[in-house]
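Please keep the sequence and the model in view while reading.

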Amino acid sequence: MQRAEEARALPGVRMKIGLFIPCYIDAFYPNAGIATLELLEKLGQDVEYPMNQTCCGQPMANSGCNKDAAAAEALFVKNFAKYDAIVMPSGSCTHHVRDNFDAIDQTDEVRHVRENTFELVEFLHDVLKVEDFPWAEFPHKVGLHNSCGTLRALRTASMSELGEPFFSKPMDLLNKVRGISFATPKRPDECCGFGGTFSVTEEAVSAKMGTDKVRDHHQAGAEYIVSADTSCMMHQQGCAERAGVPIRFIHIAEILNGARE
Amino acid sequence: MSTSRDAILTRLRDNRPDPKAHPLPPVARLGDMDNGQARFENSLQILGGQVLERQEGDTLATAIARRFPDSKIICSAVPDFDGTIRIEELGTPQQAASVDVLVVRSPFGIAEMGSIYLSEAQLKDLNSAAHLTQHIVVILSAKNLTANMHTAYMDRPEFHTANYGVLMSGPSATADIQGVLIRGAQGVRTLSIWWED
Amino acid sequence: MKVKPVNHAKAAEEFIEDTAHMDFHDERLWDLRQKRDEQMHILPEWQELRARASAIKEHTLANLPEYLEQFEANAKKNGIHVHWAADGAEHNRIVGEILEKHGARSLIKSKSMVTEECCMREYLEPRGVVVTETDLGERIQQLDNQMPSHIVVPAVHKLIPDVAKIFAEHYHTDPNDKSAQSLAWQQRLAARPVILSADAGMTGGNFVVAETGSFVVCTNEGNADLSATVPGLHIATIGIERLVPRMADMGVFIRMLSRSALGSPITQYTTHFRGPQKGSEMHVVLVDNGRSHRLGMEDFWTSLKCIRCGACMNTCPVYRRSGGLSYGAVYSGPIGAIIDPTFNERKYSTLPFASTMNGSCTNVCPVKINIHEQLYKWRRVLAEHHELPFVKREVMHMAGKLMGQPTLYRAAINSTEVALSTMPRFVLYNWLNPWGKHRELPHPVKQTFHSWYKQNRLKTKKKEGESA
């Protein structure tokens, strides 16, 4: 088994990658999944999508029902243990696997899976260190939404509360796309209110947060909200459509893969 | 004696995390070490305090008369200024409520915060006077400025000796009604610094 | 009697419906967060201050019995009467006895969350003691018969007309007063005679210094100083976790407290009480009320580091949109959601779920409490203690089972029919209906990713294999 860290030291190495597509992308946003797959293939990687995958266990664990996450976690390991790296277009799922995946015994296999699971942006930025997306052009003003999972758990961008120097891995990648420009919302890293089951159990607060979020981006002049997390966008899109805020949504993988609209 | 005392202490001993895993960090002297008058005045202004204007030929008395023309009772807690009443003449804490302007000398100020320090030593054991008076004028020497909160707590002996010691940073203030900042809430309505020497 | 869990979601929904109040509340607290950020940027040593504050507090908590004894010995030397209260009831009894001994019928007090915990007003008032809050926001809340909705700005959920109405009722002022300035002046005028005639004064304590036997109180209105220095009797009610070892440690905390809370460099008043003033008596009541128990909770004891700045509330997008009262507890917002369940697990079982676990609270906390991680851990504890609502438990149990069985899962994704037969109808509807209340559902697509992959990759790969 070749570890992703070893591969990182050897640029150009072709890795065997297991692709995980979260349930809501599978069911509602297949284009984000297809773009992720095609992009990794364009970058020369050997990608497989294990057909028996379901879920990483996050919804159960985040609800406190950690024991109920065990079956999903065990299946996840069974599906993905054989890959050098597991890549997924979702920050919160990555956060779960990396930081909270403890409903099952921590065997060597489980540790391998947890240590080698990557969110797409960090995989492109930190592991593959992609310099260029020659096929990508997106002549639009976009507002970047970093999910709280990517921002505060995976640390793919600087956090406003800490006063640290600015950095943004998703923006680094998007800056390599021709024609793109950015809108700056007033509260760039405020949570959009999805929060998994929170979106249902606290629907009023959740919807209010989502509506405020899309308005903030719209008022900043964004034509699109782009994010590495489809769950946030599914929620925000629902809020925007209900509130009549004319803004569109696109996954970062689609832009980097050369989507044009 | 107190059974609750022993029960609480016992429970704390039983429940606490391992003390060896949590050493006490040495005392820190951090941050900007500028103890200059300009920094103090800038901080003072942020917190709503002011410097009492000193015109050519001014004494403290003339400066107060110009700044607070309607004040009737000017109470002095310092030997070198008379006012209309001496603080020692106020018999009870409540009597300080009649004072319009209190004049008092502060042993030190903190440049980082624009704060001045007062204790029972300066207030002649009538601590309420600093809060019941309408306005307070604080005599301060630029030589007695300390840079920041760390230097204040580490270097000033008053924190170890005074029974009552207040750092006042501008006047009483509130923003409890719809976020509107109001200077002069329940305590002094203005705080002015009179620089000496 | 079975205690009902607080219905945060419902209270929050009502709060949101009142747009004017909701929008102001959100903007006002966000503004405090912005001001806090500005202060942080001024101090390059901010993160070092946080790390030190956290380490000092953790050290103190691990050595709390010794520091409490040290404080007690020094305070007694300074002439302070020190009392220990195991719980709220004992605290109230102690305070009642001190007041009775002095024949005190009127008590003026500055803000103290501990007395709220102990429900002290409710205890003293039937016993003939008139208790008057002197903090403006707290006084507004007292007159309106509500709990403070925020630990630093207790009436932040109210607008000027609300205050005008309350003051008109109690102070007979103009009910249409539109000026905050004039309303604050009315409060000053109303409070003065009460302060001057009070028999006793009470304060809380933000910090207790073991080395000197002192305690430190921070206010902006100076009302703690008035409460402590005007009457001849000063009682301070303080939680036992408020200790710091040395006076020199105070610099770290005072430099961050008000910057974190309100974005001002320091509170207007920072007062150090080390002993009674001349002609006066001073009492300190050290209150446990569950704290010594919390110290033994491996995942949650660091919540005792809290210095009550409220920064986590100001930054919390959920708190800003639901209001402090929606938490139905003395402590609201993120810090409340991790402290409250230690007082009553069932009643506050909903609060750790009133969060998206976004983590902003943890980042702003000046003493580095890992608030959002504790929220996550509380959810586990509550599930293990069977404190989750039935529907949520059932949904998660069935979802968990389904996620372990790929064939069944795939069938459920591909056909709603199967989903409906797998999950009881009422469960599914209970779960899905709220989504659509203020949001559109995601659009249906022609093909799942799974089926696209099968068609576009597996088949191709198979063909490639055949031709090779």
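In this predicted model, helices H12(A) and H13(A) meet through a defined set of residues: Ala207(A), Gly210(A), Thr211(A), Lys213(A) and Val214(A) on H12(A), and His235(A), Gln236(A), Cys239(A), Ala240(A) and Ala243(A) on H13(A). Sorted by class, the residues of this contact comprise five nonpolar, four polar and one charged. Two packed helices are described by the angle between their axes and the distance between the axes. Here the angle is about 80°, and the axes of H12(A) and H13(A) are 8 Å apart. Because angles of 65 to 115 degrees count as roughly perpendicular, H12(A) is described as roughly perpendicular to H13(A).

Chain A also holds a sheet. Four strands of chain A form this open sheet, in the order S6-S5-S7-S8, and their pairing is parallel. Its edges are strand S6 (181-182) and strand S8 (248-251) of chain A, each of which pairs on one side only. Strand S5 of chain A, residues 141-145, joins S6(A) in the parallel sense through two bridges. Within that pairing, Lys141(A) has Ser181(A) of S6(A) as its bridge partner. S5(A) also pairs in the parallel sense with strand S7 of chain A, residues 224-227, over four bridges. In this pairing, Ser227(A) in S7(A) is the residue opposite His145(A). Is S5(A) largely enclosed by the rest of the structure or exposed? Four of the five residues of S5(A) are buried, so this strand is largely enclosed by the rest of the structure. A residue is called buried here if 20 or more other C-beta atoms lie within 10 Å of its own.

The next topic is the contact between chain A and chain C. Chain A contributes 56 residues to it, and chain C contributes 55 residues. On the chain A side, the elements giving two or more residues are helix H2 (23-28), helix H3 (30-42), helix H4 (58-62), helix H5 (70-80), helix H9 (148-153), helix H11 (198-201), helix H12 (203-219) and helix H13 (230-243) of chain A. H12(A) provides the largest share of that side, with seven residues.

Which pair of chains shares the most contacts? Of the two pairs of chains in contact, chains B and C hold that place. No contact joins chain A and chain B, and the closest C-alpha atoms of these two chains lie 16 Å apart. Between chains B and C, 64 residues of chain B are in contact with 77 residues of chain C. Elements of chain B that each supply at least two residues to its side include helix H1 (3-15), helix H2 (37-46) and strand S9 (164-168). H1(B) gives the most to this side, with nine residues. By class, the side of chain B that touches chain C has 33 nonpolar, 23 polar and eight charged residues. Strand pairing also links the two chains: S9(B) pairs in the antiparallel sense with strand S9 of chain C, residues 269-273, over five bridges. In that pairing, Val166(B) has Thr271(C) of S9(C) as its bridge partner.

Chain B itself has six helices and 12 strands. Along its principal axes, the C-alpha trace of chain B spans about 65 × 40 × 40 Å. Of the 197 residues of chain B, 47% count as buried. Among the contacts in chain B with a separation of 6 or more, 73% are between residues 24 or more positions apart.

Gln37(B) is placed in helix H2 of chain B. With 17 other C-beta atoms within 10 Å, Gln37(B) is partly exposed. Neighbours within four places in sequence aside, Gln37(B) is in contact with Ala142(B) and Leu145(B). Its C-alpha atom is separated by 31 Å from that of Ile85(B), which is 48 residues away along the chain.

Key:
Residues numbered from 1 in each chain as written. Chains lettered and ligands numbered in written order. Predicted model: local features only at pLDDT ≥ 70, side-chain atom pairs only at ≥ 80, totals over all residues. Contact = placed C-beta atoms within 7 Å. Pairing = 2+ DSSP bridges. Axes fitted to C-alpha atoms, helices over the stretch in contact; angles between N-to-C directions. Parallel < 35°, antiparallel > 145°, perpendicular 65-115°, else oblique. Nonpolar A, V, L, I, M, F, W, Y, C, P; charged D, E, K, R; others polar. Buried ≥ 20, exposed ≤ 12 C-beta atoms within 10 Å, placed from the backbone.
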